[in-house]
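Please look through the sequence and the model below before reading my comments. They are meant for someone new to reading structures.

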Amino acid sequence: MIAAATLALACAAPAPAQDPHPAFTVGTATAQRGQKAYGVLRVPPGSDAGYDIPVVVIHGARPGPVLAVASGAHGTEYASIIAVEMLIDSVKPDDVAGTLILLPLINVPSFERLTPHVNPTDNKSMNRYYPGSPGGTQTDRASYVITKEVVERCDHLIDLHGGDLDENLRPYSYWTVTGNQKQDDFSREMVLAFGLDHIIISADRPKDPAASRFLENTASTRGKPSFTAEAGRSGPVDVTDAARLSAGVKNVMAHLKMGGSVAAPVRNPIWVEKIVTLAADRDGMFQPTVDRDAHVAKGARIGVVTDYLSRPLQDVTAPEDGIIMFIRAVPSLKKGDTMANIGVVKAAR
Ligand SMILES: [Zn+2]
């Protein structure tokens, strides 16, 4: 009798499994399972104007992780923006297990007014004011909306950047060390899967989720393995740079078992353990004497500063041995501007 009852139970048609997430909504974009939806995140008006941040939700045909990919916090880092546009066009919901949230252009005012580094509405960098605040200026409110609608709802986040209008940059990723071994191992594997072979180790980012400053850090301090990657430089879109970022995201999706296949992860990356920033201590004209990616020795000349009549004011030299991660791409130089970022390579131990 027992055997018969068990058999009957086994033969009964299983109830169809209920999809716990038949739809996924971000802002005005609602995607049903297996669909791609277009919409906006509304940043409400406050002490200054509100605006809309464009968003696409790709709710894959099968369940899986939620991956958010953002770019355009600096709205003139064009290659990274185009990389996300490429993802919007090329990722098919039928091929995806999980959900992709794509924010190609966070800083719309910067894009529209060709303003590097900041949001021209309030003159704030849009990657320094997280987790944001509903009562602050436009950048604070936009950061708050992104924290609530995107960061708190995703499992992982990739923030894409690149050389801004005045930065001649070689591609690299950042790997953030939070101190949580399991999370750091996970994010390290994501960075290696992404595929850029120069990786900056960020060990000094804020640990407080209420004062996270950066977008990636807002996700990382909330326990979500995440990272930042940069490619592209100085205005014109090099399609190769955009494609590297786009392909990198697809590699990470495959690594997370969201679909597709992983290209070979980076095996022997160059780990950069420190960034030395050379800031101008006077106004002038800057002329680089090395290109991006140059390997320079301590004391080597990397550029010169002249006055507006070509009279030399300063030889700019490397304070340490390292790699030129980016160097100023334009002559305009005001006191405090960055002339170069030099990556100091982690010694083999
Ligand atoms: Zn940026």
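1. Basis. This is a predicted model, in which local features need pLDDT of at least 70 and side-chain atom pairs count only at pLDDT 80 or more, while totals for chains, interfaces and linings use all residues. Residues are numbered from 1 along each chain as its sequence is written, and side-chain values use heavy atoms, with hydrogens and water left out.

2. Zinc site. The zinc ion is coordinated by H74 (ND1), E77 (OE), E77 (OE) and H161 (ND1), at 2.0 to 2.3 Å. Donors are N, O and S atoms within 2.8 Å of the metal (3.2 Å for Na, K and Ca); water is not among the atoms, so sites may look incomplete. Along the sequence, the donor residues follow the spacing H-x2-E-x83-H. Both H74 and E77 are buried (under 20% relative accessible area; exposed is over 50% and partly exposed in between, with a 1.4 Å probe and protein chains only).

3. Geometry of the site. Why is the arrangement around the zinc ion irregular? The four donor atoms subtend angles of 58 to 152°, which makes it so. Four donors count as tetrahedral if all angles lie between 85 and 135 degrees; four count as square planar and six as octahedral if opposite donors are over 155 degrees apart and all others between 65 and 115; anything else is irregular.

4. Helix α2. Helices (H or I, at least four residues) and strands (E, at least two) are DSSP runs, numbered from the N terminus. Helix α2 covers residues 78-90, and its end C-alpha atoms are 18 Å apart, in agreement with the 18 Å that its 13 residues should span at 1.5 Å a residue. The expected span is 1.5 Å times one less than the number of residues. Among the buried residues of α2 are Y78, I81 and L87.

5. Helix α4. The twelve residues of α4 (residues 138-149) reach 16 Å from first C-alpha to last, close to the 16 Å expected. Nine of the twelve are buried, so α4 is mostly covered; R141 and I146 are among the buried residues.

6. Residue E112. E112 lies in helix α3 (residues 108-113). It is exposed, with a relative accessible area of 60%. The C-alpha atoms of E112 and V272 are separated by 34 Å.
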